[in-house]
Amino acid sequence: MSPPVPVSVGVLASGGGSNLQALLDAEADPDWPARIAVVVSNRADAGALERARRHGRAAVLLPRRKDQPREVHDQALVQALRAHGVQWVCLAGYMLLVTPVLLQAFPDRVLNIHPALLPAFPGLHGQAQALHHGVRVAGATVHLVDGGCDTGPIVCQGAVPVLPGDDEAALSARILRVEHRLYPMALRWAAEGRLRVEGRRVQVDLPAGEATSLWDPAP
Ligand code: GRF
């Protein structure tokens, strides 16, 4: 029997793309059920575009024109994703708010990773917000994207300690390490059809030995 065809994924990224890299690296597993077909960025200098090219994936630059409504931008985005047969979309450090145009084109099929334990600290600078509030545990969340800002149903979370003396850079680096484990895990579940949305919660039909939370105690 021939192996199942991997699910085609589009990644949207505005920055360096270390989460994109984690998703690309996961494809080294011969049984990996997802393949990144295209990376789209709003920024010409995004490291993510360079990583896509290096891995032989389509790299699409789609700058946001300030004179256009966000919906018009997302129409072009949906076109680019469809042109590459995309079935699931991963936001990985994508700094533009997405509109219903994207969400209706990929209903319950848009994932995002956020560097905080949602619903605490949505929006920008989740790590700085965590430090400001003096929390002792921080982390990252993968969630399905809905119309709000980091409000969608939670798929999985990874926690790390906040250590005395942490600044934003130190905490961000610790969180990023857990992000790189979390996002491939969530994408695999998505591609394997294990996610079921029930109201504002996601039920995961978990593979044996896996949990929807991670704890990384290393400093
Ligand atoms: C990550 O911290 C992610 O959680 C946030 O943006 C950052 C992107 O980092 N949404 P990278 O570009 O994947 O390295």
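Predicted model: local features only at pLDDT ≥ 70, side-chain atom pairs only at ≥ 80, totals over all residues.
Domain 1 covers 1-107 and domain 2 covers 112-219, with bounds from an automatic or database domain assignment. Residues are numbered from 1 along each chain as its sequence is written. Local features need pLDDT of at least 70 and side-chain atom pairs pLDDT 80 or more, while totals for chains, interfaces and linings use all residues; side-chain values use heavy atoms, without hydrogens and water.

Across the interface, 17 residues of domain 1 are in contact with 18 residues of domain 2 (contact: heavy atoms within 4.5 Å). The two domains bury about 1500 Å² between them, 77% of it on carbon and sulfur atoms; buried area is the accessible area (1.4 Å probe) that two parts lose on being put together, summed over both. In domain 1, Asn-19, Trp-88 and Leu-91 lose the most area to domain 2, together 32% of what that side buries.

Turning to Gln-127, this residue sits in helix H5 (helices are DSSP runs of H or I, at least four residues, numbered from the N terminus). Gln-127 counts as buried because its relative accessibility is 12%, buried being under 20% relative accessible area with a 1.4 Å probe and protein chains only. Apart from neighbours within four places in sequence, Gln-127 is in contact with Pro-115, Glu-168, Leu-171, Ser-172 and Ile-175.

Conventions
Helix = DSSP H or I, 4+ residues; strand = E, 2+ residues; numbered from the N terminus. Buried < 20%, exposed > 50% of the residue type's maximum accessible area, 1.4 Å probe, protein only.
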